[in-house]
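Morning, everyone. Please have the structure up on your screens. I'll talk you through it, one part at a time.

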Amino acid sequence: MTADAVRPPPTSRRPFSWGSPLTYGLALAVAAVSIAPVVYVIVGGFRTTPQIIADPAGLPDPWVWDNYARVLTRSDFWQQALNSAVIALGTTLAVVLLGVCAAFVLARYSFRGREALYTFFTLGLLFPSGAAILPLYLMLRDLNLINSYYAVILPQVAFSLPLTIVILRPFLAAVPRELEDAAAIDGAGRLGFLWRVMLPLSRPALVTVGVLAFVASWNAFLLPLLVLGDADLHTLPLGVQNFSSQYTSDTAGILAFTSLAMLPALLFFTFAEKQIVGGLQGAVKG
Amino acid sequence: MTSINPTLSPAGGTSVPPAGPPAARRRSSRAAETRRKWYEIIGLTTPAVAVYVMFVLVPMGFAVYYSLFRWRGVGPPTEFVGFNNYILAFQDPIFLDALRNNAIIVFGSLLLQGPIALAVALLLNRRFRGRTVFRLLVFVPYVLAEVTVGIMWKLLLTGGGTVDALLKQIGLGSFVQAWLADLDVVIWTMLFVLTWKYVGFAIILLLAGLSNVPPELTEAAAIDGASWWQTQRHVMFPLLGPTIRIWMFLSMIGSLQAFEVIWVTSVPAVRSLGASATMATYMVDNGFFARLWGYGNAVAVILFAISFIAALLFQRFLLRRDIEGAVTGRRS
């Protein structure tokens, strides 16, 4: 990520060419395979169910807005979108906050047991969250947290922390010592240094871990399925799944609901794609 | 992502900021300084450690405990059965089917996604106008929620659905199968859907790895008269080794846990017959929905143990070279 700033602009060496027709042909084919099903779902939402049954691979004729209108006027769609947003934002904020604090200590303090603590966190990468889901449910039930936002947020934060710390630590460690000394001379304690120097400098890494945590939370299914029995707390993935099994004959409605549910993640990713790839680049470099 | 093993991270020894001012201070002030440092260390790490221990480590400990009981989840577990739940699991043909299906998904994903991702990454690493847009489109399946992907493919693959209609239109009607209902076909359908969904992740990682290759190397190869393919084969592939191994590791762990796509796409009846079950769906079906909590937790422990052993073996035998590289200071 930091390398992006150093690397000379691409135009300086080899200008972008139009590429060979073969390159374009292959790239188009790959792109088509990737998004054809998605386009099908979005376009299918503009058809009627009888149209879809009569000709499953056809285009809308005529285009109908009714399916999307029906979904958008459902109050539970909006409730689910709100629940998803609250849980995803809560998870993201908590992961970034806790992750930065822990990674800061692991990167900038020298103390006995530091590497042991780091290894302790990285072990979490080997713990599949799926395997822990049953005992997790039982524990949340005993803590009376079932059917609350916390039941989803807290475990998601816990399972996102290892990767967050692994990505953030090299970033925070790379900030030059001189800056820390300068801050000390200016009378800032280490916490002041964290707040005023480190956080602004490591914003790209923070955005990367934030985006990863947000998308994972927005898409999560298994944990909410188990711990959010109350329909008022359902998130969008649960809503989509319930809608599709409840109205199996309303294919057009399912397509419209699915399209609307995936839209936020798609938009979010489109804006953040550079960040994610850049962040992974930094991590792969490790 | 490289830093799955702590030794892979460059952070390890690079930043050791010795705390405190020069030595000429009074002892009491240095003691205060040390105490202050420890307060900061403890204050800053405790929240993360607490959440992590409480929601990642403690549940796995409980899973081991619960797995030794026959327990319907009401009141405390009392009926101790030792390792009986584990024995029962390995005697259940459906669980053995789930194990086989997980093996198919693990190896199938590696064998299908690896070559596809490498080819696409090399293609999208070429410089041409519109490359950014193509990259974005290729990542789309990876960003979609598993549930969305499951419902999407369920509708597409349903009997007489879009896939069947398309195959008939292009004259391949004889290939049409009961994609989601035929007990011998369904696991391969699942593998296809999982590949479609996750190949984008492999491509992202490989593109990130490719962009780290210094342009000087490919330029030097070009000056030496190497063709595009020779450059890829002899310069790019070897340098991608670490990235490929990390992707293999993450893919393997993910495949062992496969749940959502299979849960949503395949019909419960097909799943309960074992045709499309995985360890994770088997665990949730039996533990949560059939309320066999002791048994379900035993399956959870088996799933965890298999993932853990696979991860350790992988680190020991395949990631070792990357670790050596990190230790011997490959980059410095």
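Let's start with the surface of chain A. Its accessible surface is about 12,400 Å², and carbon and sulfur atoms account for 68% of that. Keep in mind that this is a predicted model.

Next, the inside. Chain A has 286 residues, and 56% of them are buried. Take the contacts in chain A between residues at least 6 apart in sequence: 71% of these join residues at least 24 apart.

On to the interface. Here 106 residues of chain B are in contact with 109 residues of chain A. The area buried between the two chains is about 9,800 Å². Carbon and sulfur atoms give 74% of that area. Which three residues of chain B supply more than any other three? They are Tyr52(B), Phe55(B) and Arg127(B), with 8% of the area that chain B buries against chain A.

Look at helix H2 of chain B, residues 27–66. This helix gives 23 residues to the side that touches chain A, the largest share. By class, that side of chain B has 69 nonpolar, 23 polar and 14 charged residues.

Last point: how many salt bridges cross between chain B and chain A? Zero, by the rule used here. Polar contacts do turn up, in 13 residue pairs between the chains, counting pairs with both residues at pLDDT 80 or more.

Note on methods
Residues are numbered from 1 along each chain as its sequence is written. Chains are lettered from A and ligands numbered from 1 in the order in which they are written. This is a predicted model: local features need pLDDT of at least 70, side-chain atom pairs count only at pLDDT 80 or more; totals for chains, interfaces and linings use all residues. Side-chain values use heavy atoms; hydrogens and water are left out. Contact means heavy atoms within 4.5 Å. Buried area is the accessible area (1.4 Å probe) that two parts lose on being put together, summed over both. A salt bridge is a side-chain nitrogen of Lys or Arg within 4 Å of a carboxyl oxygen of Asp or Glu. A polar contact is a pair of N or O atoms within 3.5 Å; within protein, one must be able to donate a hydrogen and the other to accept it, and residues adjacent in sequence count only if both atoms are side-chain atoms. Helices (H or I, at least four residues) and strands (E, at least two) are DSSP runs, numbered from the N terminus. Ala, Val, Leu, Ile, Met, Phe, Trp, Tyr, Cys and Pro count as nonpolar, Asp, Glu, Lys and Arg as charged, and the others, Gly among them, as polar. Buried means under 20% relative accessible area, exposed over 50%, partly exposed in between (1.4 Å probe, protein chains only). Accessible areas come from the Shrake-Rupley method with a 1.4 Å probe; for residues, only the protein chains shown count as cover.
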